[in-house]
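Please read it alongside the structure shown here.

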Amino acid sequence: MGRIRFSLLVAAIAFGGFSLSAKAEDAPEIPPMVTLPDGSKTQEGAKDEDGKWVLPDGTITYHVKKDGGLDWYTYSGFKRYADVGGCQQCHGPAGKGSTFAPALVDSLKTMDYGTFLGIVASGRIRKQGATTYVMPALGDDKNVMCFIEDIYAYLRGRSQGAVNEFRPNTRLRDPKPDHARVYEKECFG
Amino acid sequence: MRKSAFAGALVASAVLVAPAMANDSTQKCISDANNWCIQQHDYAGHRYSTLDQINTKNAGSLQVAWTFATGVLRGHEGSPIVVGNRMFLHTPFPNIVFALNLDDENKIVWKYTPKQDPSVIPVMCCDTVNRGVQWADGKIFLYQADTNLVALDANTGKELWKTTNGDPKRGETGTGAPIVIGDAVLVGMSGAEFGVNCFMTAYDINTGKRLWRAYSNGPDSDILADPNKTMSLGKPIGKNSSIKTWNGDQWKLGGGSIWGYYSWDPKLNLVYYGTGNPSTWNPVQRAGPDGKAIDQKWTMSIMARNPQTGMASWFYQMTPFDEWDFDGVNEMILVDNMKVKGSTHNVLVHFDRNGFAYTVDRKSGIPLVAEKYDPVVNWSTGVDLDPKSKTYGRPAVVAAKSTFLNGTDVNTQNICPAALGTKDEQPAAYSPLTGLFYVPTNHVCMDYEPQKVSYTAGQPYVGATLSMYPPKGESHMGNMIAWDASTGKIVWSNKEQFSVWSGVLTTAGGLACAGTLEGYFKCWDQKDGKLVYKNRTPSGIIGNAMSYGHKGKQYLAILSGVGGWAGIGLAAGLTNPTDGLGAVGGYAGLNAYTSLGGSLTVWSLP
């Protein structure tokens, strides 16, 4: 149940207490998608903790029911990603990419949560030929950091093909758990 | 090739009675029918060319005369301008400007390549568009994405002066075309999606020195309004008209961005423009101190100001307490002597994002007509035009379509029009031949789900996810219409598969021309909408059709290069076809027709 407080995490990054760059030979172990006996899809080893699906190491993941209904966090991740002011204006609809920024459905295939968090919080500037690509540092943006796990769960689901490119069906999704409500309120302040 | 004698007489009389301007170079330039000196064609925003060599009878034989690749991708809004033998072309970010010599193989005489920090790109909500350069007094004026306003020598492309209008680190960016009025160049600020309290600023065209700045929201001294003299709906606005319609300090994040095309009445000496949405898109977070709707003036408003001082003559707010992102920024088209309801008025006509077309007396600011210019508009049953009524001037909101009443994290469904409006920035045109307006419209509805957001300077402050689709039971997403602004009626309407996201051109040859999102350049007969010419260009069109004359030949031209909000934002949140909840957002279908591009196509008779 331990949800990492984002403020501690951001502080850890700020003090360099995190190793952000994954070395080429240390390809992250990202558990593959599995289909559970009830027909739902999630990552191997995931468990349901009161409506939040979590891997043994504490990393959040997605859960997609047989009828396509999403767990709250994955649905919330879609909303934050697809917000008119969200990630999609550069990274394209449903993580498919655009001329401004890469397709996250591809990037996430080999990117673990720690690396993802680091890039989103600190930003990244990349030069490719004559073009400079700027991923802004969003570490101070609560609309992102308060929901960074949600966004990760959505993109993880997209990258593994469990979550489709369309707007999730609001009728089929899980209701918003109380702990999500409480966390949102605390995080926004 | 004849310039219409009628148009010549009209311009001559305007010059005689206009107040003396230190710089009237643009008016001289505009009076030459071969030119297209400013984005709007003229200060009334008619977008009407008096050239008539190309007409409804011979348009079928139009051919491509020449083409030019801009070398840049993403959405190409605006159009080139032509002054004598020079064409000036602009591009999306990084906002390159080309000067071409029409006398010599359209060769590039000079090219201006701004150096802009690419970190401004993530701060642009709706693609890296630019709505065009302007010419005045031998200078070219460019408003860059990073908010630098630059004056270039039109002959050499050398930078004469540069001034910084805002700060992208606060979410302030530039996409609009400036306007030059006399010795002042006016430019608006974008950033309502970033919690910016936006503003219009005027600079001296010779020195770049700031003359005045008027905010859309704030104390009277900031919004440049006189509580006793600035009017709205026939009454003085009174003290603190803006801040008393906001909750506490929220006006400081107020929005009210200004990025459409502007117009100017030289006789009244008023510049007209519209302001955009309040910040955030989640209306629940903008509620008044009592938790109820609160107007949020002067977002969503038509403003009339003195261009030398910025002082406001009148305001009219079209969508108080916005719940759908119906920005009021679209252009104001000025027409004289329009007969409306038995009396004659000098009006402005404005096709708003909210689906209503307004005919307003441009001296008093009194709305005379406000009618839906797409019958599917469903968020409101109408605008109250009874001066005696308590809700005078206000739209009546349908509760089921109120994203505020339905609340945060609730998906309000089937609102028409979608947030991109029945028309967005793509400008309409007027024809004195028919007295009608030719309007490029969107026929799109939406689901809108607000969510809670927190403000951080320089970061998006939106808080809504959308999905957009054609109206229920229909499959087309655009209409090209002819509109009678004195009665508020559609005269003819042509279906288009996608939104008509292109500025319209009208001509003395009886044509109305525009581009489509799949990339067709089309011309119709102004009288009945009959298609008289169609030609496919390399990419979807969101630019504005224009016309110029050179060495006895008339040319039509348009920029291709799909993008803008139509090109990028609309593919997000597509409804799953298997959901049975509604049609898939048809913009997915646009990918079957076009990729990104960047080019100018020019047509003429053989």
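Is C87(A) buried, partly exposed or exposed? C87(A) is partly exposed, because its relative accessible area is 22%, where buried means under 20%, exposed over 50% and partly exposed in between (1.4 Å probe, protein chains only).

This is a predicted model, in which local features need pLDDT of at least 70 and side-chain atom pairs count only at pLDDT 80 or more, while totals for chains, interfaces and linings use all residues. Residues are numbered from 1 along each chain as its sequence is written, chains are lettered from A and ligands numbered from 1 in the order in which they are written, and side-chain values use heavy atoms, with hydrogens and water left out.

**Disulfides**

- Over all chains, a search of the whole structure finds 5 disulfides, a disulfide being a pair of cysteine sulfur atoms within 2.5 Å.
- In chain A, C146(A) is joined to C187(A) with an S to S distance of 1.9 Å, and the angle of -85° about the S-S bond makes this link left-handed.
- This pair links distant parts of the chain, 41 residues apart: C146(A) is in the loop between α6 (142–145) and α7 of chain A, and C187(A) is in helix α8 (residues 178–188) of chain A. Helices are DSSP runs (H or I, at least four residues) and strands likewise (E, at least two), numbered from the N terminus.
- C146(A) and C187(A) are both buried.
- In chain B, a disulfide with an S to S distance of 2.1 Å joins C416(B) to C445(B). The torsion about its S-S bond is about 105°, so the disulfide of C416(B) and C445(B) is right-handed.
- The sulfur atoms of C513(B) and C523(B) are 2.2 Å apart in another disulfide, right-handed with 105° about the S-S bond.
- C513(B) is in strand β35 (residues 511–515) of chain B and C523(B) in strand β36 (residues 520–525) of chain B, 10 residues apart. Both cysteines, C513(B) and C523(B), are buried.
- With the bonded cysteines of chain B numbered in sequence order, the pairing is 1-2, 3-4, 5-6, 7-8.

**Cysteines in no disulfide**

- C87(A) is in no disulfide, and the nearest cysteine sulfur, that of C90(A), is 9.2 Å away.
- C198(B) is also in no disulfide, with the nearest cysteine sulfur, that of C125(B), 11 Å away. C198(B) counts as buried because its relative accessibility is 0%.

**Helix contact in chain A**

- Helix α2 (residues 72–82) of chain A packs against helix α7 (residues 148–159) of chain A at an angle of about 95°, with the axes 7 Å apart. Therefore α2(A) is roughly perpendicular to α7(A).
- Axes are lines fitted to C-alpha atoms, for helices over the stretch in contact, and angles run from 0 to 180 degrees between N-to-C directions. Angles under 35 degrees count as roughly parallel, over 145 as roughly antiparallel, 65 to 115 as roughly perpendicular and the rest as oblique.

**Aromatic side chains**

- F356(B) and Y358(B) form a tilted aromatic pair, 6.4 Å centre to centre with 55° between the planes. Rings of Phe, Tyr and Trp (its six-membered ring) pair if their centres lie within 6.5 Å, and planes under 30 degrees apart count as stacked, over 60 as edge-to-face and the rest as tilted.
- Both F356(B) and Y358(B) are buried.
- One aromatic cluster is formed by Y316(B), W324(B), F326(B), F356(B), Y358(B) and W379(B).
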